[in-house]
Amino acid sequence: MHKLLASAYKEVVLLSRDIGGIAILFIMPLVLVITITLIQDSSFKTINNTQIPILIVDNDRGSVSESIFEGLTSSNTFEIIKSASEEEAKGAVFKGDYQLAIVIPKTLSDALQKKVDRNVEGILAQFGLEDEVPSASAERTTQKEIRLYFDPATQITFKSSVKNGIDKMISQIETQSIYKAFQQQIGEEEDTAIFETDSFISFKEIVPTKDDQDILPNSAQHNVPAWALFAIFFIIVPLSINMVKEKTQGTFVRLRTNPVNYVTVLGGKTIVYVGVCLIQFTFMLLVGVYLFPSIGLPKLDISGRLPLLFVVAAFAGLAAVGLGLLLGTVAKTQEQSAPFGATFVVILAALGGVWVPVFIMPKFMQLLSNLSPMNWGLNGFYDVFLRNASFWEILPEISLLLLFFIITTIISIVYNERKNAV
Amino acid sequence: MIEIHQLSKKYKGAEGFSVENLDLRVEDQEIFGLLGPNGAGKTTLISILSSLLRPTSGSFSINGLTFQENKNELKQLIGIVPQEYALYPTLTAFENLSYFGSMYGLQGNALRSLIGEHLEILGLTRFANKRLSTFSGGMKRRVNLIASILHSPKILFLDEPTVGVDVQSKNVIIDHLKQLNKEGATIIYTSHHLNEAENFCSRVAIIDKGKIITKGVPADLVSAQENAYNLEDVFLTITGKALRDHA
């Protein structure tokens, strides 16, 4: 026990003498979480609070194009700028001057009206309400298309949300045209509404609740756990460098001749570096709670969750330290450990869903994601932060993290024993 | 007592043996010098005896104990002063010594008092709380020595303990080692300083290409060699004057 404490104390003193290392361990993760949250929060606000300028080429000049204009204007998302021709709009968008151009084809309103009228007449004739059934071979209306031009640099998510919005708008216009046509055929005046055109089916998002209060996620709730986890795992870089330094300085050779086992040496490092992870995490929470609101970011809500958050952080720290110990044991030079450690953390973060949610990854990557300790940690944090989970609900994730620590540490010990056996 | 039987070591990919079929017996309380040109196998032999390297074949025992059966007991019994400083440059002399002393199970006042005594003897008391990175080569060598003897080892292996240090530091180190020997420590020592070895060692062995070429009391080796006035003459006669660079 005394040897373990002496090892831990030595690690604390070594860390405290390395100002650059402390900066990397404590300041950089804070800078990272603030920067990422600011960026993500501002892009969220951009979509909701500011208008994106788009071009519209109106070749129709009819009721349909009017409805499209009204729909786009009322969404408050776009600032509509009329463009004279399709070529001009296409050039401006492809140059990156605008994100989007919408080209409404000629005679769209007329064509839609004709198609709807013919269909309605056909239906009414089936019920004997029309004298003449329109023949199938009668004048067929050519299908019309609204063309969309996107800046090639536009994000896929933006493109799909615009496409969905326009698709919905077109469906509404078509539905209303059908209702109107029926009304006209039945002979009612247009002003007298006999059809209710409002949507009958609506939807409402039901969010988790705690103490009868809705838990509303914000960019802080999403970003702090994700980037805190990223910072926790970055501990493998300084930890493995620390171990490689001991080899190159010769202190590890001296330790091998001392009556102390490798488990004690690793134990001292584990205590200190898990402690560092928890301090890092505390700083991140403090920044989320106290600094975020003062710089216009949403406040991180940790009410009632603190103990479980620290449980997840401690186990994530153990997993990260286990990986660092393994890397430090195997690597021979800092040139091996530092770039490998940094790149590996980025890969684990990508696989873990820190950048792209796991559910939108390809099937194979989703399978791989299940093997990433960062995925277990992130799910643990989201369970506590966003899903109001209890200790028993996060038990599978923290057990996996603990298992990962045990396995990586055992591999380190076995590797060291085999390499240095006499 | 150290007994070595047919000890050999061949590194992976090496053409020849670094230590080959070596037999040696070092008695209690001897100061035994292992002398030889670069690449002769001195450091390899010390590394094997201090559990840092696995021999390819052969065996050895220290006070009747082997690393295979009595690892921790043996580690407590021996002390190794490596050729490198093997200390943490950002820790102070006291912190380094306190840490390595703790690894031998020393603690509390006993440890502090031992550190104080050794620092005093080796003239480092006023530098106890300075970081190693600010020390000169000679000062680092002295701390390196203290880190290996705090636990009062019965057998002390020293791999070039005075290399690159000033004459004053060298004298202090040698005097301290002589004192430890008087107190009962057996010392196995490698060096390129043949005059130092001649005066310091009770017996020496000249090793070349992994084999012991000759061994005995320095004065006897000198008198046995024709036209030799000192150990250096004996050494050059036996190992030759050709350069022994190796990589």
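Trainee: Which residue is the bridge partner of B:Ala205 in β9(B)?
Mentor: B:Lys215 is the bridge partner of B:Ala205. Bear in mind that this is a predicted model.

Trainee: What makes β8(B) and β9(B) a pair?
Mentor: Pairing needs at least two bridges between the strands. β8(B) and β9(B) are joined by 5 bridges, so they count as paired. The two strands run antiparallel.

Trainee: What lies between the strands in the hairpin of β8(B) and β9(B)?
Mentor: There are 2 residues between the strands of that hairpin. In the hairpin, B:Lys209 takes a positive phi near 50°.

Trainee: Which order do the strands have in the open sheet of 6 strands of chain B?
Mentor: The order is β5-β6-β7-β3-β8-β9, and the pairing is mixed.

Trainee: Why are β5 and β9 of chain B called edge strands?
Mentor: β5 (78–81) and β9 (211–216) of chain B each pair on one side only. From one strand to the next, the twist averages 15°.

Trainee: How do you know that β5(B) pairs with β6(B)?
Mentor: 4 bridges join β5(B) to β6(B), residues 155–159, and the cut-off is at least two, so the strands pair. They run parallel. Within this pair, B:Val81 stands opposite B:Leu158 of β6(B).

Trainee: Which strands does helix α5 of chain B touch?
Mentor: Helix α5 (residues 137–149) of chain B packs on the sheet and touches β5 and β6 of chain B. The direction of this helix makes about 165° with that of β5(B). Helix α9 (residues 231–239) of chain B also packs on the sheet, where it touches β3 (31–35), β8 (203–208) and β9 of chain B. The direction of α9 makes about 25° with that of β8(B).

Trainee: What is the strand order in the open sheet of 3 strands of chain B?
Mentor: The order is β2-β1-β4, with antiparallel pairing. Its edge strands are β2 (19–26) and β4 (57–62) of chain B, since each pairs on one side only.

Trainee: How many bridges pair β1(B) with β4(B)?
Mentor: Strand β1 (residues 2–9) of chain B pairs with β4(B) over 5 bridges in the antiparallel sense. B:Ser8 stands opposite B:Ser57 of β4(B). Helix α1 (residues 42–49) of chain B lies across β1, β2 and β4 of chain B and runs at about 120° to β1(B).

Trainee: Which residues of α12(A) and α14(A) meet?
Mentor: A:Leu348, A:Ala349, A:Leu351 and A:Gly352 of α12(A) meet A:Pro373, A:Met374, A:Asn375 and A:Leu378 of α14(A). The residues of this contact divide into 6 nonpolar, 2 polar and no charged.

Trainee: How many residues does each chain give to the contact between chains A and B?
Mentor: Chain B gives 25 residues and chain A gives 21 residues. On the side of chain B that touches chain A, the elements giving two or more residues are α2 (67–77) and α3 (93–102) of chain B. That side has 14 nonpolar, 7 polar and 4 charged residues.

Terms used:
Residues numbered from 1 in each chain as written. Chains lettered and ligands numbered in written order. Predicted model: local features only at pLDDT ≥ 70, side-chain atom pairs only at ≥ 80, totals over all residues. Contact = placed C-beta atoms within 7 Å. Nonpolar A, V, L, I, M, F, W, Y, C, P; charged D, E, K, R; others polar. Axes fitted to C-alpha atoms, helices over the stretch in contact; angles between N-to-C directions.
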